[in-house]
2 protein chains.
Amino acid sequence: MWTTDHDLAIIEPRIAELVRELTDAPATGEVAGALRPVMGQVIDQAVSSSEGGKRLRALLTLAAFDALRTDFPGSSVSGTDDDARRSMVDLACAIEVFQTAALVHDDIIDESDLRRGKPSAHRALEQAVHSGVIGRGLGLMLGDILATACIEIARRASRGLANTDAIDEAFLTMQREVEIGQVLDLGVEMTPLDDPDALADASLNVFRWKTASYTTIAPLLFAFLAAGYGPDEARGHALAIGRPLGVAFQLADDLLDVIGSSRNTGKPVGGDIREGKRTVLLADALGAARTDERGELIAMFSADRRDETQVARAIELFGSTGAIDRSRERIHALWLASREAIAELGLDERERRLAEACARFIPEQLR
Amino acid sequence: MWTTDHDLAIIEPRIAELVRELTDAPATGEVAGALRPVMGQVIDQAVSSSEGGKRLRALLTLAAFDALRTDFPGSSVSGTDDDARRSMVDLACAIEVFQTAALVHDDIIDESDLRRGKPSAHRALEQAVHSGVIGRGLGLMLGDILATACIEIARRASRGLANTDAIDEAFLTMQREVEIGQVLDLGVEMTPLDDPDALADASLNVFRWKTASYTTIAPLLFAFLAAGYGPDEARGHALAIGRPLGVAFQLADDLLDVIGSSRNTGKPVGGDIREGKRTVLLADALGAARTDERGELIAMFSADRRDETQVARAIELFGSTGAIDRSRERIHALWLASREAIAELGLDERERRLAEACARFIPEQLR
């Protein structure tokens, strides 16, 4: 049986190979000798920044394709390695490269020093060239280069798949949706805290654009298209399954940040509260809190920083107001909606495979 | 006769229309009410930042297409308005939108307050949202959104043209080349001043990637491809004509910054020197200067800032060392190379039309 580990072993080196090729200058011209070193530093950083992801999106793309395609009837139980699947691997890599591009810019906006346990791209480049201004500029350009590179990777991959043109369009739509999601995410930070319903709506809306778009909707859409579904039908299924799944994934991520997890999320508990992030949990807590508690939360999240006592107090209020339970209910309901949309496909024995691939986005205790 | 003014009157509103459509959220989902204002601010800024360009690149794309296409024999003298030309207008607009995307990020890297006489995008957004951090983040994302939007504009346009796939690939290659050019440009700022030949090589190399790529090579390549030339032949011609032309264009721009111009460049004389920019003029001056003069220039350009007396002294040295004459010679030789490559096409009466379109990139007194 074609396992996740098998796919990971293919994806990981392929990402490095594609990134190294497509962040370098094209063969249509030479790079001057004096400038090769800086070009080399940027390419090395592109490869380094591309390492260490969990590859959830690439794995969903491939698993969904295996489950949906009918040209290789056995493909849902034993992986095939034909031309179409190799193209699909590259398309899956393109999503991961896009994520890296987005994270590089995200870290510049948030002034983050670390990413995946290593210095963030712009910080690493600042150190490499011994200049804050130039290093930060190189980091910004590295994000741009990766964002262009992933489109070229996807374009080449789509040539070996059904619905070539619809896949190209879907990749660009995905990229645009995430970029708009980042704008909306910055907008949430300016949303007043005195209207909890509007804040919850806004936060859930950001999850749809910033997270579900490329985490679940696009991987599923690529799989449906490459498996030969018509563009409208493919989009309908991908949204019906992927939108609730992606929103539930982000809600679960935010919830685990507060209640901790058996999985190692790599972040200390309460990190979002410490940063003052406006989350659905906060909105739900504000909506259900007594007047004095609401005032306490608003004061806490309007301040420039929050100490450990305040973080603990916020977590306590998230629990006592029922916000944590509300998030559990939201996640459960969204997961059910996603499951139902999968069941409606009428896939018979391949349904289990697709459901398993989707289930990986929601920790078992939250499904 | 189809004039430049006629094309400008078509291009300008079309850019605004395309930018407004493709910076907004796709129809596949809603934007929450609380987040519509920030989305509106970003879209308005996208349109505003897209205004006011000279549209040299779009005009070359269209003029070259009119000169090269043979399906409408009269198209070289009187413009046609068939489907192919409308697609070509959109492809021409896509280059302009890409330039805006690049300038938005450039202004963040350079911390520029102004662009085309208005506040730069990130500064305008900082003012609109009353927050430096969030405004700068929105500016960075606006650059990302425009960079994605222009690819979608080009992708839709290429569907109505010959060599669809080669045009899509060429657009992505252009974008990658400019992004790499920006990296190399930052690299030049770190190039030591004690090796003038290496500095001149590096600066000329940056011009090829950062300027010629999208200013002349890509517009010509799109025109050759859309006119039906085979991809390899099209690329060969576009490089032969566009590389020297684009490098000459940037050399002329840098020269006019020092010697002034009858054209209003919109910048005070000596701006590059004031900013300490490492130019080919500086490299040529360093290479030809006496030892004491070279020391003077190195000290001047190693300092954090230069006062007006130093700017005047640098201009004096650029003249007395022969660097200004050297730039004139370089520009003239590159223009001749470009002209020869045009002549080799064997276009008969259409050659004049193409040569005129190319000549617009070099001020008459420097040709």
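By what turn and what shift along the axis can chain A be laid on chain B? A turn of 180 degrees and a shift of 0.0 Å along the axis superpose them with an RMSD of 0.0 Å, by least squares on the C-alpha atoms of residues with pLDDT of at least 70 in both copies. That is the relation of a two-fold axis. In chain A, the C-alpha nearest this axis belongs to Asp144(A), at 3.7 Å.

Before I continue, a note on conventions. This is a predicted model, in which local features need pLDDT of at least 70 and side-chain atom pairs count only at pLDDT 80 or more, while totals for chains, interfaces and linings use all residues. Residues are numbered from 1 along each chain as its sequence is written, and chains are lettered from A and ligands numbered from 1 in the order in which they are written.

I turn to the interface. Chain A contributes 52 residues to the contact and chain B 51, where contact requires C-beta atoms, placed from the backbone, within 7 Å. On the side of chain A, the elements giving two or more residues are α2 (36-50), α4 (83-109), α6 (132-158), α7 (164-188) and α8 (196-226); helices are DSSP runs of H or I, at least four residues, numbered from the N terminus. That side comprises 30 nonpolar, twelve polar and ten charged residues. Of the interface residues of chain A, 98% are also interface residues in chain B, so the copies meet through the same surface.

Finally, within chain B, the contact of α2(B) with α6(B) involves Val42(B), Gln45(B) and Ala46(B) of α2(B), and Leu138(B), Leu142(B), Ile145(B) and Leu146(B) of α6(B).

Key
Two residues are in contact if their C-beta atoms, placed from the backbone, lie within 7 Å. Ala, Val, Leu, Ile, Met, Phe, Trp, Tyr, Cys and Pro count as nonpolar, Asp, Glu, Lys and Arg as charged, and the others, Gly among them, as polar.
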